[in-house]
Each structure stands twice: as structure tokens, then as C-alpha cells.
Amino acid sequence: MATAAHQPLARRIFTPTMIVLAALVAVAAYFVATRFMYGLGAVTNLNQGYPWGMWVVVDIVIGTAFGCGGFAMALLVYIFNRNQYHRLMRPALLGGLFGYTLAGVAVMIDLGRYWQFYNLLLPWYAQPSSVMFEVALCVLAYVIVLWIEFSPAFLERFGLYKVRDFLRRFMFLFIALGVLLPTMHQSSLGSLLLVMGSQLSPLWYTTWLPLMFLVTALAMGYAVVMFEATVVSNTFNLPSEQPILAKLSIMVGWMMAGFLLFRFAELALRGDLVHAFAGDLNALMFWIETALFLLPVAIFLTPGGRESQRLMFLGAVALLVAGSLYRLDAYLVAYTPVQNYTYFPSVPELMVTVGVVALEILLYLLFVKTLPVLHAHEPARTPKAR
Amino acid sequence: MALNRRDFLKCAALGGAAAGTAASTEAAAAFIRPPKEMPPKAVGMLYDSTLCIGCRACVDACKEANDMPVEMPVHLSDWNEGTWDSPEDLSGRTLNVIKAYRHGTMEAKDRETDGYAFVKRHCLHCVDPSCVSVCPVSAMRKDPETGIVTHDPDACIGCRYCVYGCPFGVPQYDLDNPFGKIAKCQFCTHLQEKGQTPACCDVCPTGASLFGLVDDLKEETERRFAMQPGTLYQFPRGNLSEDRPRHEAPVPKYIPAVYGPNEAGGTQVHYLSAVAFEKLGLPKLPKRSFAQVSEGIQHTLYKNLIAPALLLAGLAFFAWRNARKRDQDEA
Amino acid sequence: MDVTHATRGQDIDFDACLREGADEPLPGLGGITRRSLFKFCAGVAATMGLPAGAGISMAKAAAAPSRPPVIWLHGQECTGCTESLLRSYHPTLETLLLDVISLDYHDTLCVGAGKQALDYKHQMMEKHKGKYVLVTEGGTPTKNNGIYCQVGGKTQMELVREAAEGAAAIIAIGSCASWGGIQAADPNPTGAVGTHEIIPDKTVINVPGCPPNPYNFLSTVLYLLTFKRPPELDEKNRPKFAYGRLIHENCERRAHFDAGRFALEFGDAGHRQGFCLYKIGCKGPETYANCPAIGFGDVGEGAWPVGTGHPCFGCTEKETAFRKPIHALAQVATYTPPTAFPEVGAQKGEGVSPGAAAVVGGAIGVAVGAGAVLMKQMGEKKKDSEGTGAA
């Protein structure tokens with residue numbers, strides 16, 4: 001393969017979008033500083049009933065699911081050998097890189113005793129029965145793997161082709177790890193809730209939580225690739241990846257159809273489907289989720305749907321929202337603390353999350369403009385003044 | 001790769017449906033780890049709501065014994081500037097708290113309608129504690145002898161999973177401190193080491209909080225249940241030893257159940273009451289501990305890391321083979 | 001007569017009320033001056049929580065030419081109530097007996113004896129029929145027709161009924177007269193009961209205590225004289241001004257209760273330091289009386305059982321004194337749990353703030369807007385690319 005398979009997008013770096021994003025990051029940085037000076041309570045609405053809030057659920061649980069693009073594409077490209085998708089691989093990896101790295105940053109902001117974080121790595125403190133222990137180590141390892149997987153982009157940028165080629169020989173190992181580790185911890189993000197028992201609505205609580213989280217994480221990974229490819233090709237006037245994405249979407253459609261079927265069958269067999277008709281907030285959220293999961297299934301499994309760039313984009317977005325909502329509901333909405341506590345994130349708390357998302361977009365834009373990430377196309381070689 | 005995508009998807013969908021069919025609670029029970037046993041010298045507490053007079057001496061004694069700061073709820077801060085400890089619930093600064101159940105005109109104590117009752121909240125020292133199961137760094141530990149669930153702030157990373165996972169909402173993180181830590185009742189281990197009784201039981205004027213070996217406390221419960229309501233009984237105070245003056249009072253009309261032994265794998269702190277336990281804010285829980293479910297599934301999936309290792313080997317093989325094939329194609 | 005409300009909140013100029021000759025001995029009151037009488041009545045009014053003007057009304061009533069006649073009967077008792085009354089200092093006993101009321105019959109204090117005294121009693125009961133105040137001290141035995149307490153051949157039951165017939169008001173002083181007292185303790189061999197059970201159709205004002213604080217009795221008498229009606233009573237017919245609040249509420253040792261500092265036995269370190277006596281059986285939490293507020297014997301603060309280190313034994317409560325063991329713990333009888341108690345299941349935590357709703361709404365708005373713009377672009381571009389056939 002030619003060395004110029006990927007190349008930086010030659011565009012201006014300081015656009016108004018970038019400046020707005022940077023401002024949002026600065027606001028978040030202010031509140032993060034406040035949190036470190038005065039404690040979590042000074043910034044968040046966390047309370048005795050809701051020890052985990054916006055930061056854990058959105059920045060970490062949902063954030064890493066958004067970062068599953070790299071995982072999902074690696075599974076498809078390297079394991080199932082669908083080479084035609086290879087051109088989507090690097091942008092997907094980059095998305096994953098930021099999703100996970102920033103989740104790691106969010107963990108450090110959210111951890112109460114962050115200065116003792118390294119205790120996770122000390123064998124005498126290890127507690128292998130803890131799902132959290134497994135998640136923490138896996139995510140940490142995966143962040144490292146992601147950087148290694150993505151490192152060819154840096155190495156190419158700085159002309160270190162020999163190092164790249166050396167690394168390439170062992171890349172299969174990192175690719176394998178890059179599939180194994182997310183399989184483990186994305187399912188474990190569901191296992192984390194197994195201990196919640198009766199505190200979680202039976203519409204979400206099932207012993208199959210690990211599987212549910214793994215499947216939705218994969219789906220979100222593919223959805224994020226579709227989303228990203230569509231947005232990038234549109235924003236930067238690059239040729240559409242539509243034909244490849246349409247093929248990809250058939251697979252995702254079937255996967256989600258299976259997921260929905262499984263979810264309803266399992267609920268019905270357990271006898272807990274009645275809760276879906278309880279008419280409360282949980283039931284409402286359940287049906288919103290179901291509708292959002294159904295929409296991409298309908299779009300992706302009809303030829304007219306997947307061939308329309310607009311509809312496919314809509315389907316990908318719906319799938320991302322559905323997967324995010326599934327996580328948000330399972331962790332916060334469907335969770336009832338023992339004592340009667342309520343929670344809604346505070347403005348500073350939300351602004352930190354907004355800032356983390358802004359940072360993610362900002363870094364993504366910065367990277368695709370400075371590093372060889374995007375698949376090389378003819379028009380990109382003659383950059384337009386923009 | 002010979003596996004056709006369509007076939008793969010069909011298999012996946014069918015497999016999913018099949019798994020769904022089998023996913024009854026009984027099938028899931030196969031994963032569940034066996035329950036844990038009560039430690040041989042388990043110490044516990046018997047809290048008798050009918051004896052509690054709501055004097056809050058235990059809350060005060062607990063603060064003093066454990067050197068916890070005064071708590072001032074925000075909505076009371078305009079008249080209470082931290083001189084009057086007034087915890088509303090367990091928090092990073094309060095290890096136990098007395099709460100009141102109120103109904104209607106609140107005319108009589110220990111009555112559900114138009115009555116009121118007191119309840120004490122603190123760690124129940126589960127036999128199979130969720131907090132110990134979920135803690136990634138072994139900061140929560142259960143003493144193998146006494147069964148006391150302790151917390152080590154030097155190990156803790158502050159992830160607050162124990163707060164989230166406890167079915168009783170007991171461990172709490174001090175959110176208002178940049179260097180906060182988890183706070184939970186550790187049964188005054190520092191006093192027990194010196195042969196003393198935990199502060200809340202020691203100070204309780206009526207013996208509503210009673211300290212002792214779980215087995216002895218069970219016998220005490222049975223004695224109370226065996227007596228006709230109204231007959232006079234010498235209620236022990238502090239602990240079950242004979243060197244403390246007991247007090248005589250009529251045996252109340254208990255609801256014929258003990259809260260604790262059958263909740264979430266069993267607890268070492270037991271409750272007696274004359275009003276329904278749910279009214280006192282004690283959650284209805286299944287007999288099985290939730291740690292049994294989560295650890296059971298986790299251990300099944302990760303037993304000796306066999307499954308992940310096999311998966312990794314398979315993945316590495318396919319990745320290696322496919323990479324080689326691609327290189328050959330390109331060459 | 002009712003100045004209670006008319007003068008509430010106003011400063012009373014005593015000198016103006018007293019007018020001239022305030023320090024001259026009053027002819028009808030055996031040498032006491034009008035000033036000292038006013039002072040006494042103002043003090044009693046204050047005890048009852050009445051405005052200062054009521055004291056003046058009381059002074060006027062007390063100084064009226066016809067002093068109210070009082071018949072005082074003794075049943076099964078120890079005369080402790082009378083003894084306690086003898087030790088009141090404002091007024092002194094002689095002022096009360098000679099100047100405020102006309103004590104026409106009293107077993108202990110009568111000058112006469114035997115038939116002479118009884119005859120005088122009957123004479124006075126006839127003369128003041130419907131006007132005299134009957135005070136009973138001591139329980140009334142009922143077993144075997146009440147033969148266990150007789151005066152002049154008549155049982156206490158007969159004597160009480162007879163005297164109650166023409167009484168304007170009836171006061172039962174002390175726990176024995178109120179509800180049988182120590183005689184009525186298990187097994188109650190004489191069937192002793194309180195006065196009100198002998199005459200169930202009459203209102204009996206109970207001033208329980210063992211003994212009761214003399215000022216609770218005096219205040220009740222003066223209220224009767226002044227307003228011609230009993231003071232406000234609770235469901236056990238006790239004047240509310242004296243028995244309206246729990247001892248526990250005004251106890252000087254309450255802070256120790258709240259802080260969990262208890263004496264565990266007599267003479268231990270906590271007891272010597274004045275800690276709360278609840279654990280050794282103090283009945284303050286279930287006993288309604290004003291003991292901690294006014295004390296006994298006019299010697300200043302702390303002169304009452306709990307003040308001297310003995311747990312309250314609940315003498316003003318029918319169900320407590322002589323019925324519950326002294327070491328048994330009290331039922332804390334607060335009507336409702338204090339409001340400061342956190343409620344089980346009370347809702348806590350922050351709701352949706354307008355700002356947070358705005359941020360969430362804004363974020364969703366931006367996302368939806370951006371998505372819509374993108375989708376619109378896609379449509380245009382599609383046409384574009386179809387048109388030019390580029391890329």
C-alpha cells in the first residue's frame with residue numbers, strides 16, 4: 001500500500017468553529033479547577049443517593065461507547081477481513097482515541113481520591129471480583145493500545161517509516177487486543193449494574209446486561225463511523241463514502257433487529273414486560289429507546305433507506321441517541337436510590353460535559369488537519385482556499 | 001474467511017433469540033455464586049425501634065467516637081451556623097442518623113396510622129456485602145472473624161461504586177471536601193479492640209441499640225418474641241453482659257419479623273419494629289445478595305482468564321492471517 | 001371583673017392603683033398593707049402566666065370584705081400537702097388563712113376539736129351553701145363501704161359527698177385526692193380512689209403532686225376567687241398553667257439528654273457531674289408539671305427532685321407514680337416527634353434548575369440544528385453532484 005494512503009486535510013486550523021469550541025473548553029476548565037479546589041459538591045449536584053452523575057454516565061459510559069468506532073471497525077476489517085472498509089479505519093480509530101482518552105480524563109476529574117489512582121495497579125490492593133477493577137484496567141490498557149494502533153499516523157507525519165514498518169509486524173497483536181479489551185470492558189459496563197439489583201428497574205435489570213451493553217456498544221461504534229464519515233465528507237467537501245456505508249448499514253440493521261427481538265423476548269419470558277405499560281417515566285423512556293432503536297432498523301434494512309445519504313445519516317444519529325439513552329436510563333433514570341433522592345445535573349456539571357465534548361471535536365478537527373488520518377482523495381491534494 | 005456475513009448475521013440473530021428463550025431467571029441462576037456464611041464470631045447489633053426514644057444520643061456519641069465533623073444541611077444554614085449538629089441522612093460526615101416515620105396526627109408512638117416511629121440508619125454489616133464485592137482496590141474489607149465491614153481510605157480511589165451499589169445506601173462520600181473520603185460505620189472497631197462497646201450502643205439509654213454476638217442477639221430476639229406483649233421484661237442496655245443495669249418495661253407488640261437475617265444475603269445488624277419495615281425506610285430486598293449475581297456472572301466470564309485468553313488467541317490468529325493475506329495482496 | 005384581656009400588654013402603674021395609704025395596714029386583712037397584698041397577687045398572677053392587671057383584680061378580690069369560706073377534708077393521706085402549703089412564703093400561711101380565705105374547717109388546723117369542730121363545719125356548710133370551696137386532701141377508700149377512713153362515725157365517702165353537695169368549687173390537692181395516690185398502689189387493699197370518682201357528676205379540679213407545689217394550689221384558688229370559674233384544665237382536670245408541659249421540656253438537665261450524657265447509677269461519675277437521670281428512671285419525659293420552672297421552698301433554682309439529683313418519679317401522673325417502678329424508663333411522651341427529625345423517605349436532592357434546563361435544551365437545540373443543516377446540505381450536494389457529475 002502506498003505511503004500516501006492517508007494524508008492530512010490541508011485546511012485552515014483557526015476557524016470560528018474552533019474558537020467557539022475552545023471557549024467552551026475554557027469554561028469547562030474553570031469549573032474543573034473549582035472542583036479540584038472545593039470538592040465535587042461545589043460544582044455538581046451529586047448527592048447521597050446519586051454518587052454518580054453526568055460525568056460518569058455521559059463522559060465515561062456513553063463517551064467510551066462513542067469511542068467504539070475503532071473497536072467495531074477493527075472487528076470488521078481485521079478479524080472478519082472486510083478490507084473494503086479499511087479506508088474508514090483510521091478516522092474511526094481517531095474517534096476512539098479521543099472518546100477513550102477523554103473518558104480517562106473525565107475519570108480523573110470525577111474520582112474522589114484521584115491522587116491514589118495508581119492503587120488500581122498495585123497487586124496487593126487488587127480485587128479481581130470487582131467489575132470496576134476489570135473495567136478500570138481494561139480501559140487503561142485499551143487507551144494505550146489505541147495510541148499504539150493510531151501511532152502510524154504520527155510516524156508517517158514525522159517520516160519515521162522504518163519504525164512504522166517495524167511496528168506493523170506486531171500490529172496484529174495490538175489489533176487483537178484492540179478488539180478483546182473493548183469486548184471485555186464494554187460488556188462490563190453493563191456488568192457494573194448487576195450489583196444494583198432492585199435499585200434498577202426490571203426493564204433494564206437483567207442478567208444479560210453485559211451482552212446488551214456489548215451489542216449496543218458495537219452498534220454505536222458502527223453508527224459513529226457512519227456519522228463521522230458522512231459529516232466529514234460533507235463538511236470538507238470530500239467524496240461520499242455512501243456505497244461502503246450502505247453495505248455496513250445492512251449488517252448493523254440486522255444486529256439491532258436481533259437486539260430488539262432479544263430484549264423483548266427476554267423481558268416477556270421474565271414476566272417483566274408489564275412494567276413497559278406501567279405508564280411511568282421508566283416505561284416512557286423504554287418506549288422512546290425502542291422507537292429510536294427501531295428507526296435505524298427500518299432505515300438500514302430497506303434499500304431506499306440505506307441508499308439515501310440523508311436517511312442513513314438520520315438512522316446513524318438515531319442509533320447513537322438510542323444507545324446513549326439506553327446507557328443514561330440504565331445508570332440514572334431507571335435507578336432508584338434507597339432513600340428518596342432526586343438528581344439533575346447542575347449548570348457547571350453540564351458545562352464540563354459540554355467542554356469535554358467540545359474538546360473531543362476540537363482535537364478531532366486538529367488531528368485530521370495536521371495528521372494523515374483521512375483516506376487520500378483526489379480533491380484533497382489541491383486544497384481550496386476556505 | 002469463509003464465514004459468509006449473511007450466515008453470520010443469521011446465526012447471530014437466531015442465537016440471540018435462542019438465548020432469549022432460555023433466559024428465564026432459572027437459567028440465569030446457573031451463574032449465581034453460592035451464598036457466603038456468617039463468620040464464626042460475627043458481632044452485630046439489635047436495633048429495637050420500639051425502645052428508641054429518639055434522643056439522638058447515639059448520633060452524638062458516634063460523632064465524638066469517630067471524630068466526625070458537625071453537619072449542617074444547607075436549607076437550615078440560615079439559623080444554624082454549625083453549632084448544632086443536625087444531619088438529615090447518612091453522608092460523608094455522618095455515620096448514623098435517627099429518622100422519624102410520621103403519619104397523620106402522630107398521636108402514638110409505634111403506630112402506623114396517626115402515629116410515629118423512630119429508625120436508626122447505619123451500616124448493617126452484610127454477610128455478603130456489595131461494597132466489598134464492588135470495590136476495585138480492596139478498600140472495603142470484611143473481617144473474616146468478626147464480620148465487620150471496614151474501609152481503608154489509604155486504598156480508596158474515590159470511585160463511589162460502593163455508594164452506588166450498596167442496597168441500603170450506606171457508604172457515603174464527602175462531596176464537599178476537595179480531599180473527601182468515604183464514610184461508613186465501622187462498628188467502632190477502634191473501641192472494640194480495647195474491649196469496649198460501640199459508642200452508639202454504649203450510650204443508648206433504653207437499649208434500643210444493643211451490641212453483641214449475632215448468635216446471642218438472635219436468642220435475645222427470640223426471648224422478646226416469645227413473651228406476651230405487655231408482660232414486663234428486663235431489657236438489657238449497651239450489651240448483653242450482666243454488669244450493666246437493665247431496665248424494666250412491658251414487651252411491645254412487635255410485627256412478627258426481624259429485618260436483616262433474610263435481606264440481601266443476611267446482615268449482622270438486625271431490626272425489630274412495631275410498624276412495617278418499609279415505613280421505616282428499610283428497603284424490601286430479596287433473600288439473595290446482589291453480589292452473588294454480579295460476581296457469579298463475572299467469575300463465569302473471567303474464570304482464570306481462560307475465556308479472554310482463548311478469545312485473544314483467536315483474534316490474534318485472524319488478525320495475523322488477514323494482515324498477511326493483505327500484505328500478500330498488496331505485494 | 002375580667003381584666004385579663006383589657007390590660008394585656010400595658011404597663012401597670014401600681015402606685016396609681018394603690019392610691020393613697022398604700023403602706024397603711026388594711027383593717028380587714030389583719031395588718032397587711034395594700035402594697036404587700038398587691039405584690040403577692042401580682043406574683044401569683046405571674047406564676048399563672050396572667051398579665052399584671054390580673055394580679056390587681058386578684059388583690060381586689062382577696063381584699064373584699066367577705067373572704068371565701070373553705071372546707072378542707074382529709075382522707076387517706078400523710079398531710080404532706082398541708083405541710084407543703086404551710087411552707088409557702090408569698091403569702092405566708094397566716095396571710096392565706098386569715099386574710100385571703102376563711103378556712104372554716106381543716107382537720108389539722110382547726111382550733112376546736114371533736115363534736116365542736118364538726119358542728120361548726122355543718123353550720124358553715126349550711127350558712128355558705130353554694131358559695132364555699134371544698135378542698136379534699138387524701139384518697140377515699142371504697143372497699144367494704146369505705147370503712148377504712150372515718151371521721152365522726154361517717155366514712156370518707158359520705159363526708160365527701162355531703163360536703164360536695166353545697167360546694168361552689170371542688171379542688172383535690174395532691175396525688176391521693178386526685179387519683180388515690182400511694183394507697184391506690186397495687187394491690188390497693190382499701191380500694192382507694194380519687195375524689196372525682198366519688199362525685200363523678202361534679203367538676204373536681206385536680207392539683208396532683210406528692211406534694212404539689214403550693215403555688216399551683218394557691219394560684220388555682222385565687223383564679224377561682226377572681227374569675228369565679230376554674231382555670232383552663234387538661235383532660236385529667238389539671239390546671240393547664242401548671243401541668244401543661246412536660247418536665248422534660250423545661251428540665252435543666254435536658255442538654256445532657258440531648259448530648260447523650262447519662263448518669264448510669266447513683267453516685268457514679270455522671271451522676272456527680274449532674275448528667276441526665278433518664279437512665280436511672282427519671283419520669284420527666286412522661287410527666288406534666290412545672291417543677292423545673294418554679295421549684296420548691298422558695299430557695300432559688302434547682303430545688304426540686306431532679307435538681308437535687310433524684311430522678312423525677314412522676315407524682316403528677318396517674319399512671320406513673322406508685323405504679324411504675326422507680327428504676328423503669330419513662331416513655332418519652334412528646335406529642336409528636338420534634339420537627340427537627342429527618343423524615344423517613346423525605347425527598348432530597350436538587351431538581352431541574354432553569355439554568356440546567358437551558359443548557360440541556362441548548363445542547364439538544366444545537367445538535368438538532370446542526371444535524372438539520374447537515375441533512376439539508378446533503379440534499380443540495382446530491383443535486384449538485386448529479387448536476388455537475390463531479391467527484
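Mentor: A crossing is left-handed if the near helix is turned anticlockwise from the far one by less than a right angle, and right-handed if clockwise. Keep in mind that this is a predicted model. Here, helices α1(A) and α13(A) make a left-handed crossing.

Trainee: Which residues of α1(A) and α13(A) make the contact?

Mentor: On the α1(A) side they include L21(A), V25(A), A28(A) and F31(A), and on the α13(A) side M351(A), G355(A), L362(A) and K369(A) are among them. Sorted by class, that contact has 19 nonpolar, 1 polar and 1 charged residues.

Trainee: And how do I describe the geometry of such a pair?

Mentor: Two packed helices are described by the angle between their axes and the distance between the axes. In this case, the axes of α1 (residues 16-38) and α13 (residues 347-370) of chain A cross at roughly 140° and come within 7 Å. Angles over 145 degrees would count as roughly antiparallel, so α1(A) and α13(A) are oblique to each other.

Trainee: What about burial for a whole chain?

Mentor: Take chain B: 55% of its 331 residues count as buried. Chain B has 10 helices and 13 strands, and its accessible surface comes to about 14200 Å², with 57% belonging to carbon and sulfur atoms.

Note on methods: Residues numbered from 1 in each chain as written. Chains lettered and ligands numbered in written order. Predicted model: local features only at pLDDT ≥ 70, side-chain atom pairs only at ≥ 80, totals over all residues. Heavy atoms only, no water. Axes fitted to C-alpha atoms, helices over the stretch in contact; angles between N-to-C directions. Helix = DSSP H or I, 4+ residues; strand = E, 2+ residues; numbered from the N terminus. Parallel < 35°, antiparallel > 145°, perpendicular 65-115°, else oblique. Contact = heavy atoms within 4.5 Å. Nonpolar A, V, L, I, M, F, W, Y, C, P; charged D, E, K, R; others polar. Buried < 20%, exposed > 50% of the residue type's maximum accessible area, 1.4 Å probe, protein only. Areas by Shrake-Rupley, 256 points an atom, 1.4 Å probe, with all protein chains shown as cover.
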